[in-house]
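Have a look at the model first, then read on.

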Amino acid sequence: MKKFVCADMNRFNSLITQTDSIYREAAFKLGLTYSAMMVLYAVLNNGGSCPISDICAFGINKQTVNSALRKLETEDVVFLEAAGGRRKNVRLTENGMALAEKTILKIINIENEIFASWTKNERETYIELTKRYMNQLSEKVSKI
């Protein structure tokens with residue numbers, strides 16, 4: 001049987017899938033849905049308020065983000081505020097900030113700890129190669 005994906009690409013795809021699974025496991029352990037975790041991560045990482053578009057930039061489609069936001073609003077975790085025109089910002093409530101600090105901050109601290117254990121050169125190489133791969137992939141996919 002013919003294989004279409006080279007061994008290195010299989011390894012790379014496996015690592016991406018495993019990384020995503022770890023984040024989904026973290027969300028579960030923190031008592032959050034994956035989409036809620038990503039919303040809280042984006043908002044906390046931006047100081048407690050950010051445009052909806054910044055949340056979508058985490059790779060979650062707009063419909064999923066909007067569903068998560070509606071649920072988080074009903075739980076008094078976030079609220080939406082006008083940001084000019086049709087744009088809106090997502091802001092953490094007091095309850096939301098407490099929840100984010102108790103959950104998302106754990107993930108951010110883990111990520112920071114891992115990156116801090118790498119040399120500056122290792123971090124830069126990892127980021128540069130990942131960025132290069134994503135840019136090339138995006139460019140080629142746009143031509144399909």
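1. Start with Cys50: its relative accessible area is 1%, so this residue counts as buried (buried means under 20%, exposed over 50%, partly exposed in between, with a 1.4 Å probe and protein chains only). Cys56, by contrast, is partly exposed at 22%.

2. Keep in mind that this is a predicted model, where local features need pLDDT of at least 70, side-chain atom pairs count only at pLDDT 80 or more, and totals for chains, interfaces and linings use all residues. Residues are numbered from 1 along each chain as its sequence is written, and side-chain values use heavy atoms, leaving out hydrogens and water.

3. The structure holds zero disulfides (pairs of cysteine sulfur atoms within 2.5 Å).

4. Now the sheet: three strands form an open, antiparallel arrangement in the order E1-E3-E2. Strands are DSSP runs of E with at least two residues, helices runs of H or I with at least four, numbered from the N terminus; two strands pair if DSSP finds at least two bridges between them. E1 (49-51) and E2 (78-82) are at the edges with a single partner strand each, so one side of each has no neighbour in the sheet.

5. E1 and E3 (residues 88-92) share three bridges, and Pro51 sits opposite Asn89 in E3.

6. Asn45 belongs to helix H2 and is partly exposed, at 49% relative accessible area. Asn45 and Ile104 lie 59 residues apart in sequence, yet 9.1 Å apart in space, C-alpha to C-alpha.
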